[in-house]
Amino acid sequence: MTQKTWKQDMSGRERVRYVVELLEEPKTVDDIADEAEVSRATADDELERLKSDDWVKETIVDGKKAYDLNPVRMLFDEITDLIEENSREELEDKLTELEEEREELSQEHQANSLQELRESLADENLSAEEIRERRDVAETWEAVDSELRLIRHSLRMYDDVVRLSSVERGHQ
């Protein structure tokens, strides 16, 4: 996005929210304001609003007030999105696919768990290439495990979220 488009297409508050959505670690108010190209006061005001809505958590970085995404809120948003975008059957299909992928990783790399695979990195007989490959496999395995947890949470909450969503829309 060019600077001109950025400022034309989004208000200052929208730019602050956009920057916050992309946070990978806590950032100070000044850093968020600079990235969003807004005044510190605008950033601070919007961040306080996001904090009161439980989107972000306040913290301290280098002695300055900073903010980070609320991981609990993010988890529930991801679960809700999965449920809204998929039927129960589609989620069950995804669960099956992910379990199969994890089983293939386990068989292919002769490890019963991600921990076991990571421990094999300490094997003194591995070449640099083999270590890189196992690290890549470990990252894939970790992503599959995360996705599996998310799908399982979604399936456990599926009926409640669908019921509450339909009540919210007036479809009792």
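**Before you click**

You are looking at a predicted model, so local features need pLDDT of at least 70, side-chain atom pairs count only at pLDDT 80 or more, and totals for chains, interfaces and linings use all residues. Residues are numbered from 1 along each chain as its sequence is written, and side-chain values use heavy atoms, with hydrogens and water left out.

**Stop 1: colour by confidence**

Colour the chain by pLDDT, the predictor's confidence in each residue, from 0 to 100. The chain averages 90, and 93% of its residues reach 70 or more. Now pick out helix 6 (residues 88-108), where confidence is highest at a mean of 96, and then helix 1 (residues 3-9), where it is lowest at 68. Where pLDDT is low, the predicted coordinates should not be read in detail. Helices (H or I, at least four residues) and strands (E, at least two) are DSSP runs, numbered from the N terminus.

**Stop 2: the largest nonpolar core**

Select Val-16, Val-20, Ile-32, Ala-43 and Leu-47 and show their side chains. Of the 15 residues in the largest nonpolar core, these touch the most other members. A nonpolar core here is a set of buried Ala, Val, Leu, Ile, Met, Phe, Trp, Tyr and Cys residues joined through side-chain atoms within 4.5 Å. Buried means under 20% relative accessible area, exposed over 50%, and partly exposed in between (1.4 Å probe, protein chains only).

Which elements supply at least two residues each of this core? Helix 2 (12-21), helix 3 (29-36), helix 4 (40-52) and strand 3 (64-69) do. Helix 3 gives the most, with four residues. For another set of side chains, go to the second, separate core: 13 residues, including Leu-91, Val-144, Ile-151 and Leu-155.

Leaving aside neighbours within four places in sequence, Val-20 is in contact (heavy atoms within 4.5 Å) with Ile-32, Leu-47, Leu-50, Val-56 and Leu-69.

**Stop 3**

Two packed helices are described by the angle between their axes and the distance between the axes. Axes are lines fitted to C-alpha atoms, for helices over the stretch in contact, and angles run from 0 to 180 degrees between N-to-C directions. Angles under 35 degrees count as roughly parallel, over 145 as roughly antiparallel, 65 to 115 as roughly perpendicular and the rest as oblique. A crossing is left-handed if the near helix is turned anticlockwise from the far one by less than a right angle, and right-handed if clockwise.

- **Helix 2 with helix 3.** The angle is about 115 degrees, with the axes 9 Å apart. That makes helix 2 roughly perpendicular to helix 3, and the crossing is right-handed. Show Arg-15, Val-16, Val-19 and Val-20 in helix 2 meeting Ile-32, Glu-35 and Ala-36 in helix 3.
- **Helix 2 with helix 4.** These pack at about 60 degrees, axes 9 Å apart, which makes helix 2 oblique to helix 4. This crossing is right-handed too. The contact residues include Gly-12, Arg-13 and Arg-17 of helix 2 and Thr-42, Asp-45 and Glu-46 of helix 4.
- **Helix 3 with helix 4.** The axes come within 8 Å and cross at roughly 110 degrees, so helix 3 is roughly perpendicular to helix 4. The crossing is right-handed. Val-29, Asp-30, Ile-32 and Ala-33 meet Arg-40, Ala-43, Asp-44 and Leu-47 here.

**Stop 4: Arg-17**

Stay in helix 2 and select Arg-17. Is Arg-17 buried, exposed or partly exposed? Partly exposed, because its relative accessibility is 27%. Beyond residues up to four places away in sequence, Arg-17 touches Glu-46, Arg-49 and Leu-50. Draw a distance to Trp-55: the two C-alpha atoms are 38 residues apart along the chain and separated by 9.8 Å.

**Stop 5: two loop residues with positive phi**

Move to Glu-37, in the loop between helix 3 and helix 4. Glu-37 has a positive phi of about 60 degrees although it is not a glycine, and at 28% relative accessibility it counts as partly exposed.

Next, find Asp-62 in the loop between strand 2 (56-61) and strand 3. Its phi is near 50 degrees, again positive in a residue other than glycine. Asp-62 is exposed, with a relative accessible area of 75%.

**Last stop: Glu-85**

Finish in helix 5 (residues 71-85), at Glu-85. Glu-85 is exposed, at 61% relative accessible area. Draw one more C-alpha to C-alpha distance, to Ala-66: 19 residues apart in sequence, 33 Å apart in space.
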